[in-house]
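Open the model in your viewer and follow the stops below. Each one says what to select and what is there.

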Amino acid sequence: MSTGFRGLYTSAILVCLSLLLTVPIFGQSRLTVLNEDLKAIPGATVQNLNNQSLSTTDETGSVLLNLETAGQFSIGHVGYHEKIVQVLVNEDLTVILSLQTLELDAVEVEGFLGGSNLREQAGAISLIKAGEFNRFNRVSLVNAINTVPGIRFEERAGGSYRVSIRGSSIRSPFGVRNVKVYWNGIPFTEPGGNTFINLLDLANVGNVEVIKGPAGSIYGAGTGGVMKINSTNLSGMANKIVLGSTIGSYGLNKWNASVNSLNDKGSFTFKYASQQSDGYRDHNEFDRKVVELDVALFAEAQRTITASILYSDLFYEIPGGLNPDQLTLNRRQARPGSESQNASVSNELFLIKLGQEHQMSSKLSNTTNIYSSFNQFTNPFNLDFKRDNQQVIGGRTVFNWTLDNVDISLGAEHQNSFFDGKNFGNVAGRSDTIRFADEVHTVANNVFAQGILKIEEGFNISA
């Protein structure tokens with residue numbers, strides 16, 4: 001090879017290498033945008049804050065991004081809070097947007113079934129979001145829920161709740177009566193009608209939807225209404241660890257910890273909360289520990305599998321009521337006999353739930369949840385000593401069809417419980433001779449249907 005040709009050959013190689021080094025190497029990342037119900041948000045804007053390029057999500061809520069390096073992106077859509085995230089090269093990332101709480105007309109609730117705009121619901125429905133709970137102290141549900149008109153939420157002793165919707169519990173001195181409570185899509189109310197809502201800490205409450213009066217009849221015979229609790233605010237999911245502590249008067253000591261993780265394959269949430277206090281009155285101690293684990297798996301674009309585990313250990317003392325003379329003498333004293341008889345409640349619950357949300361087609365979807373729980377309840381009182389054990393198994397499924405001008409929902413709910421209750425005499429706070437024993441097998445079935453006929457814009461008929 002001649003010297004001139006060799007030089008030309010070498011120069012060509014150097015030019016090719018130079019071109020290769022200057023050509024950027026791109027990777028492809030997938031970004032999926034969902035709402036708080038894990039439904040796709042088509043048409044969401046995805047703006048690269050580095051080069052200001054703009055993309056929009058398709059009908060599945062996804063968009064493909066060609067990236068040379070990692071970059072920050074602004075995700076937005078009308079009616080949702082904007083979110084800024086960092087996307088890595090060749091990364092699949094899921095982003096959940098939350099509704100703008102200031103735009104009340106845009107708030108979406110499940111209401112009867114299916115989910116729609118709050119102002120389009122043919123019933124008295126209220127939504128209490130996380131911001132409402134943060135306005136008050138973090139030790140009780142009472143203040144936030146009492147902001148809803150028509151609800152009276154009372155605390156007889158530390159952790160002993162009484163709920164009345166439109167006067168439904170007017171003749172009930174304590175407890176939750178005639179109100180059906182759901183937690184993460186499953187009945188938290190037992191088949192016999194009892195609801196131990198005091199087993200839940202504020203850490204287990206992300207938002208509460210309240211349906212007042214007969215509008216809640218599709219959820220069963222809760223003549224007062226329905227309270228639907230979701231434990232986790234999905235829009236707040238992120239890879240983070242949160243620690244919190246509250247210290248107050250009368251021995252109040254509360255701390256909580258949570259771990260959140262979110263990626264393209266699913267989400268993971270772990271929560272722990274502990275709360276103790278001595279109380280304002282004598283014999284008024286309170287102690288509760290709660291552990292919760294929530295998992296959501298994005299099995300495929302149209303299917304989400306969920307699981308929840310809840311363990312709660314609650315103890316509180318009951319100081320009892322005072323007559324006017326006792327109140328005048330010492331308003332902080334316990335009712336005579338309450339302390340010597342150890343009037344108190346010990347309540348332990350273990351609950352596990354599995355579920356799925358499946359968008360079968362553009363017009364048909366299904367939500368199914370099954371669960372099982374075990375409860376141990378011990379209640380020494382001034383006059384007796386009660387010890388109960390209960391096992392519950394149940395499930396709920398709902399099919400939703402969306403047609404041109406008609407929405408149809410069909411579903412069923414089943415609860416099966418075995419209750420073993422014993423009543424003893426109370427001698428100095430300990431169980432004595434058995435008085436009676438009950439074994440009760442309760443089965444509750446609920447089959448329901450709903451139709452919404454859309455006559456014209458702003459005029460619907462629900463049945």
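**Stop one: a serine in a strand**

Select Ser62, which lies in strand E4 (residues 62-67); strands are DSSP runs of at least two residues, numbered from the N terminus. This is a predicted model, where local features need pLDDT of at least 70, side-chain atom pairs count only at pLDDT 80 or more, and totals for chains, interfaces and linings use all residues. Residues are numbered from 1 along each chain as its sequence is written, and side-chain values use heavy atoms, with hydrogens and water left out.

Is Ser62 buried or exposed? Ser62 is buried, at 7% relative accessible area (buried is under 20%, exposed over 50%, with a 1.4 Å probe and protein chains only).

**Stop two: the cores**

Select Leu141, Phe188 and Met227. These touch the most other members of the largest nonpolar core, which has 40 residues (buried Ala, Val, Leu, Ile, Met, Phe, Trp, Tyr and Cys joined through side-chain atoms within 4.5 Å). A second, separate core has 17 residues, among them Ala44 and Leu67.

**Stop three: the cavity**

The largest cavity has a volume of about 150 Å³ (on a 1 Å grid over the protein atoms alone, points where a 1.4 Å probe fits but cannot get out; the volume is the space filled by probe spheres set on the points). Select Phe188 again: among the 15 lining residues (an atom within 4 Å of a point), Phe188 is one of the closest to the centre. Strand E24 supplies the largest share of the lining, four residues.

Note on methods: 1 Å grid on protein atoms, 1.4 Å probe; cavity = no way out; pocket = protein on both sides within 12 Å on 5 of 7 lines; lining within 4 Å.
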